[in-house]
Amino acid sequence: MISSTAPADAILDDAALWRDAEGRPTFRHRPKLIGPEISFTIEERDLAWSDGRSSGRLPLHQIESVRLVFRPANLYTRRYRVEVRQRLGKKIWFSNVSWRGMVEIEAHDAPFAAFVRALCATIARTSPKASFIAGEPAWRYVIIAATTAGLAVSLAYLTIQAIRAVNWGLMGLVVFIGGYTVWQMSLWLTKNRPDSFNPLDPPAILLPNVKPGA
């Protein structure tokens with residue numbers, strides 16, 4: 001776990017935070033191509049959400065865990081996701097990207113990172129027993145790691161066979177497609193290693209890389 005002395009007030013004052021008309025930290029995204037935009041607001045006692053037709057609240061003191069994960073998508077390989085779970089079992093999640101069309105995705109990297117920091121700090125203060133989890137569950141991580149290792153071995157075998165057969169077309173296909181796949185899976189494994197984290201200092205590896213001034 002990473003230690004930090006950063007005050008929660010400094011996190012809540014992050015200039016990148018989106019705020020609603022009442023000045024409360026808010027974040028919104030459109031998680032699906034067909035579906036409404038969902039907004040999340042950190043209120044005094046609740047994490048509120050609304051999609052324009054329905055709404056709900058998670059009492060902050062009832063939140064059991066917050067999990068940060070790296071979840072690349074087909075159209076956007078730098079997608080990050082936060083999952084908030086209530087003690088009664090209810091879970092909500094949101095990510096740093098919104099669907100804007102069939103082949104168009106908009107990233108909200110700076111507001112997402114700022115909102116996650118504010119949310120974690122607020123939950124740490126209102127629900128002291130909450131767990132802050134980095135990465136995927138261990139069982140899923142082990143399965144993906146084993147799959148990646150098996151794929152890497154298979155690609156090495158195919159490459160050797162292609163070289164022996166002097167089949168440059170096959171070798172190029174294996175290196176291009178297989179190499180890209182292994183690279184993506186390796187990136188997933190690097191970022192999603194199971195761990196816990198300090199809510200006042202969420203791991204940078206599980207937040208979008210925001211450029212200065214963005």
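In which sense, parallel or antiparallel, do E11 and strand E12 (residues 195-196) pair, and over how many bridges? The two strands pair in the antiparallel sense over 2 bridges, with Ile-133 standing opposite Ser-196 in E12. Strands are DSSP runs of E of at least two residues and helices are runs of H or I of at least four, numbered from the N terminus, and two strands are taken to pair if DSSP finds at least two bridges between them. The model is a predicted one, in which local features need pLDDT of at least 70 and side-chain atom pairs count only at pLDDT 80 or more, whereas totals for chains, interfaces and linings use all residues. Residues are numbered from 1 along each chain as its sequence is written, and side-chain values use heavy atoms, with hydrogens and water left out.

Strand E11 (residues 131-134) also pairs with strand E6 (residues 63-70), in the parallel sense and over 4 bridges, and Ser-65 stands opposite Ser-131 in E11. In a regular strand the side chains alternate between the two faces of the sheet. In E11, Phe-132 and Ala-134 make up a covered face, while Ser-131 and Ile-133 make up an uncovered one.

An open sheet of 5 strands has the order E1-E2-E3-E4-E5, with antiparallel pairing. Strand E1 (18-19) and strand E5 (55-59) stand at its edges with a single partner strand each, so one side of each is left without a neighbour in the sheet. E1 is joined to strand E2 (residues 25-29) by 2 bridges in an antiparallel arrangement, and Arg-19 stands opposite Pro-25 in E2.

Aromatic rings of Phe, Tyr and Trp (its six-membered ring) were paired if their centres lie within 6.5 Å, with planes under 30 degrees apart counted as stacked, over 60 as edge-to-face and the rest as tilted; by this rule the count comes to 10 aromatic pairs. Phe-27 and Phe-94 form a tilted pair, at 5.5 Å centre to centre and 40 degrees between the planes. Because Phe-27 lies in strand E2 and Phe-94 in strand E8 (residues 91-95), this pair ties together parts that are 67 residues apart in sequence. Phe-27 and Phe-112 form an edge-to-face pair, at 5.7 Å centre to centre and 65 degrees between the planes; Phe-112 lies in helix H2 (residues 109-126), so here the parts tied together are 85 residues apart in sequence. Both Phe-27 and Phe-94 are buried, as is Phe-112, where buried means under 20% relative accessible area, exposed over 50% and partly exposed in between (1.4 Å probe, protein chains only). Trp-18, Phe-27, Phe-40, Phe-94, Phe-112 and Phe-115 form one aromatic cluster.

A search of the whole structure finds 12 salt bridges, each defined as a side-chain nitrogen of Lys or Arg within 4 Å of a carboxyl oxygen of Asp or Glu. One of them joins the side chains of Asp-14 and Arg-117 (2.8 Å, N to O), linking the loop between helix H1 (8-12) and E1 to helix H2 across 103 residues. Asp-14 is partly exposed at 21% relative accessibility, and Arg-117 is likewise partly exposed at 27%. Glu-136 and Arg-71 also meet in a salt bridge (2.7 Å, N to O), and Glu-136 is buried, with a relative accessible area of 2%. Salt bridges that share partners join Asp-20, Glu-22, Arg-24, Glu-43, Asp-46 and Arg-57 into one network.
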